[in-house]
Amino acid sequence: MWGRLAVILAGCAALAGCAALRSFEVQEPAPWVQAGVPQPASDTESLLLYFQHLRKLPGADLGREHETARQAYTRARTDFNRVRLAMVLSLPNAAFTDDGRALELLEPVAKNPGARLQGLAQVLSSNLQEQKKLNASVQGLQQKLDALKSLERNLIERNR
């Protein structure tokens with residue numbers, strides 16, 4: 001009886017040891033971290049490096065990166081994957097740009113005071129909100145300019 005108990009306890013200890021060792025395994029670097037560069041110290045630093053990586057990608061590679069980020073978020077809806085996908089969706093002049101969806105993704109992280117990525121999510125969210133306001137102002141000014149051009153054409157035609 002005591003022999004069996006000892007074997008079971010030894011087996012449990014061995015399994016616990018394996019699990020503890022896994023935390024010391026060397027993790028694969030993120031694909032956007034350059035070889036020879038030290039691993040990012042935090043998720044925030046990793047995502048900032050990711051953004052730098054995104055800005056350098058040509059259009060076709062951006063599309064693939066969008067799909068990769070979307071799939072990662074679908075598999076695991078972590079704060080990291082939320083912010084990562086939001087960054088991709090907020091890239092200007094990309095075929096898949098969706099600032100509204102990016103804001104939706106960022107909102108839970110930005111409003112969670114315990115989230116490690118709260119600060120980054122808040123910065124990205126406020127930037128996207130400000131961009132939306134600027135775009136609305138530009139559209140309003142464009143409408144006014146178009147109305148003035150139309151008025152000018154009408155005056156020119158009337159004077160003929």
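What follows is a walk through this predicted model, from its overall fold to its core, its pocket and its salt bridges.

A few ground rules first. Because this is a predicted model, local features need pLDDT of at least 70 and side-chain atom pairs count only at pLDDT 80 or more, while totals for chains, interfaces and linings use all residues. Residues are numbered from 1 along each chain as its sequence is written, and side-chain values use heavy atoms, with hydrogens and water left out.

Start with the fold. The protein chain has six helices and zero strands, and from the N terminus on its elements run α-α-α-α-α-α. Here helices (H or I, at least four residues) and strands (E, at least two) are DSSP runs, numbered from the N terminus. Of the 160 residues in the chain, 28% are buried; buried means under 20% relative accessible area, exposed means over 50%, and partly exposed is in between, using a 1.4 Å probe and protein chains only. As for how the chain meets itself, take contacts (heavy atoms within 4.5 Å) between residues at least 6 apart in sequence: 43% of them join residues at least 24 apart.

Now to the inside. The largest nonpolar core has 29 residues, and Leu47, Tyr50, Leu54, Val83, Met87 and Leu106 touch the most other members. H2, helix H3 (59–75), helix H4 (79–89), helix H5 (99–110) and H6 each supply at least two residues of this core, with the largest share, seven residues, coming from H4. A nonpolar core, by the way, is a set of buried Ala, Val, Leu, Ile, Met, Phe, Trp, Tyr and Cys residues joined through side-chain atoms within 4.5 Å.

With 10 of its 11 residues buried, H4 is largely enclosed by the rest of the structure. Phe80, Asn81, Arg82, Val83, Arg84, Leu85, Ala86, Met87, Val88 and Leu89 are the buried ones, and the buried residues of H4 pack against H2, H3, H5 and H6.

You can see some of that packing from the other side. Leaving aside neighbours within four places in sequence, Leu47 is in contact with Phe80, Val83, Arg84, Met87, Leu117 and Leu120. Ser46 sits in helix H2 and counts as buried at 8% relative accessibility. Ser46 and Arg84 are 38 residues apart in sequence and 9.8 Å apart in space, C-alpha to C-alpha. Over in helix H3 you'll find His66, which is buried with a relative accessible area of 16%. Again leaving aside neighbours within four places, His66 is in contact with Leu85, Val88, Leu89 and Phe96.

Next, the largest pocket. Its volume is about 310 Å³, and 14 residues line it, of which Ser90, Leu91, Pro92, Asn127 and Leu128 lie nearest its centre. Helix H2 (43–56) and helix H6 (118–159) each supply at least two lining residues, and the largest share, six residues, comes from H6. By class, the lining has nine nonpolar, four polar and one charged residues. Ala, Val, Leu, Ile, Met, Phe, Trp, Tyr, Cys and Pro count as nonpolar, Asp, Glu, Lys and Arg as charged, and the others, Gly among them, as polar. On a 1 Å grid over the protein atoms alone, a pocket is an open set of points where a 1.4 Å probe fits, with protein on both sides within 12 Å along at least five of seven lines; lining residues have an atom within 4 Å of a point. Grid points are joined across faces, edges and corners, and the volume is the space filled by probe spheres set on the points.

Finally, the charged pairs. Side chains of opposite charge can pair when their charged atoms come close. The structure holds six salt bridges, each a side-chain nitrogen of Lys or Arg within 4 Å of a carboxyl oxygen of Asp or Glu. In one of them, Arg70 meets Glu67 at 2.4 Å, N to O. Both lie in helix H3, three residues apart, about one turn of the helix. Arg70 is partly exposed at 35% relative accessible area, and Glu67 is partly exposed at 30%. Arg101 and Glu104 meet at 3.4 Å, N to O, and these two are three residues apart in helix H5, again about one helical turn. Arg101 is partly exposed at 31% relative accessibility, as is Glu104 at 48%. Another bridge joins Lys111 and Glu107 at 2.9 Å, N to O; Lys111 counts as exposed at 62%, whereas Glu107 is partly exposed at 40%.
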